[in-house]
Amino acid sequence: MAIEQMKMPQLGESVTEGTISKWLVSPGDHVNKYDPIAEVMTDKVNAEVPSSFTGTITKLSAEEGETLQVGEVFCEIEVEGSEQQSEKEAAPEQSKAPEQSKAPEADQTNENQSQKKRYSPAVLRLADEHGIDLAAVQGTGAGGRITRKDLLQLIENGGVKEKTAPVNERAVQPEPAQPTQAKATPAIPSMPGDVELPVTPIRQAIAANMLRSKHEIPHAWTMMEVDVTNLVTRRNQLKDQFKAKEGFNLTFFAFFVKAVAQALKEFPEMNSMWAGDKIVQKKAINVSIAVATDDALFVPVIKDADEKTIKGIAKEIHELASKVRQGTLKQSDMEGGTFTVNNTGSFGSVQSMGIINYPQAAILQVESIVKRPMIVNGMIAARDMVNLCLSLDHRVLDGLVCGRFLQRIKQILEGIDEQTSVY
């Protein structure tokens, strides 16, 4: 028998940490390779982590609700049939000459020092928020690396030290300093009748992602009014026949997503991301859509939306929303989004300012369709109107391209008529 360590996997691009939301095993349980052993929540997805080995769980190294960095050990497994393999692997190590296996002490010291300087974004954020001098912290990670757990323990024990690192040293770190007002959470006194609700791991992940977006992205906002009278007429003509034939609803939202995907193809600047020293224009047009549950918000992705028909988009909206509400959404369903469309009109909103889905450059809020009196050909007429509200990253996008982008969406939507096909 041999003891193997399971480490926190990287559940998605740019993910640096995960929170154990629920253990599915206990010490002493026997598991097979690929059996789920824990539910892990990140800022992108809630996923089950499978076992990498067949054996018996000997130790759970983290509590439910605890956040670990990618690569940190979270459980240990006694693996079956690994003794011979372990002996074979150990033999070459024992046969090495002493001068080959012994690293110079100076080199080890340099390596440890370099590891200590590699601070993760989560560590930098906590240090900024609590005024901790990282140079004075003894790390327990590999090579003396300072982990998020080290700082949380330091804060809990009251051993927070004033930050004394020079300004030019902090300037080379990748994570910007937090605003002064975000460094302290005010104490909120509880009064009789107040209800205190615990912050769930998924709510913590949403909060962290929204905070990062607002702190790092300079948001700007613009809105355009669109006459969708013909769209409403066409959709109402087709909806009953479509539902009977396809088995799912033909929603207004599918028409909007299709129009956005078409406009993104014509304005690739809108399908971009900020990368520090460059702007990356994404080739694939993958539209993220916001789907809410009673206590969380998920953003699954319609891949290659520009290549799909209105019917194909309506089908994906239906399937992704069903997965969210049934709790079967996968990590792959959440990855690769390049632009977000949010159906805020579904609950009656007529104007809103969305927070950009990091690291994308824009988010479009589709508001409620409202019948209003408008001037048409010099006469007052009742028309179906909708507001399209665009939040943009002003590092990447300017008002000119965003205005033209919204104008193109308006043109596509107002051009829908009785001949428009959804297939």
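How many residues does helix 8 have, and how far does it reach from its first C-alpha to its last? Let's take a look, view by view. This is a predicted model, in which local features need pLDDT of at least 70, side-chain atom pairs count only at pLDDT 80 or more, and totals for chains, interfaces and linings use all residues. Residues are numbered from 1 along each chain as its sequence is written, and side-chain values use heavy atoms, with hydrogens and water left out.

**View 1. Helix 8 spans residues 229–246.** Its 18 residues reach 25 Å, close to the 26 Å expected at 1.5 Å a residue (1.5 Å times one less than the number of residues). Helices (H or I, at least four residues) and strands (E, at least two) are DSSP runs, numbered from the N terminus. Helix 8 bends by about 40° at Lys239, the angle being taken between axes fitted to the seven residues ending there and the seven starting there. Just after the helix, Gly247 has a positive phi of about 90°.

**View 2. Leu413 sits among the residues touching the most other members of the largest nonpolar core.** That core has 64 residues, joined through side-chain atoms within 4.5 Å and drawn from buried Ala, Val, Leu, Ile, Met, Phe, Trp, Tyr and Cys; buried means under 20% relative accessible area (1.4 Å probe, protein chains only). Helix 9 gives the most to this core, ten residues. Beyond neighbours within four places in sequence, Leu413 is in contact (heavy atoms within 4.5 Å) with residues including Leu231, Phe255 and Leu388.

**View 3. Four strands form an open sheet in the order 1-8-6-3, with antiparallel pairing.** Strands pair if DSSP finds at least two bridges between them. Strand 1 (2–7) and strand 3 (30–31) stand at the edges with a single partner strand each, so one side of each is left without a neighbour in the sheet. Two bridges join strand 3 to strand 6 (residues 55–60), and Val31 stands opposite Gly55.

Notes: Buried < 20%, exposed > 50% of the residue type's maximum accessible area, 1.4 Å probe, protein only.
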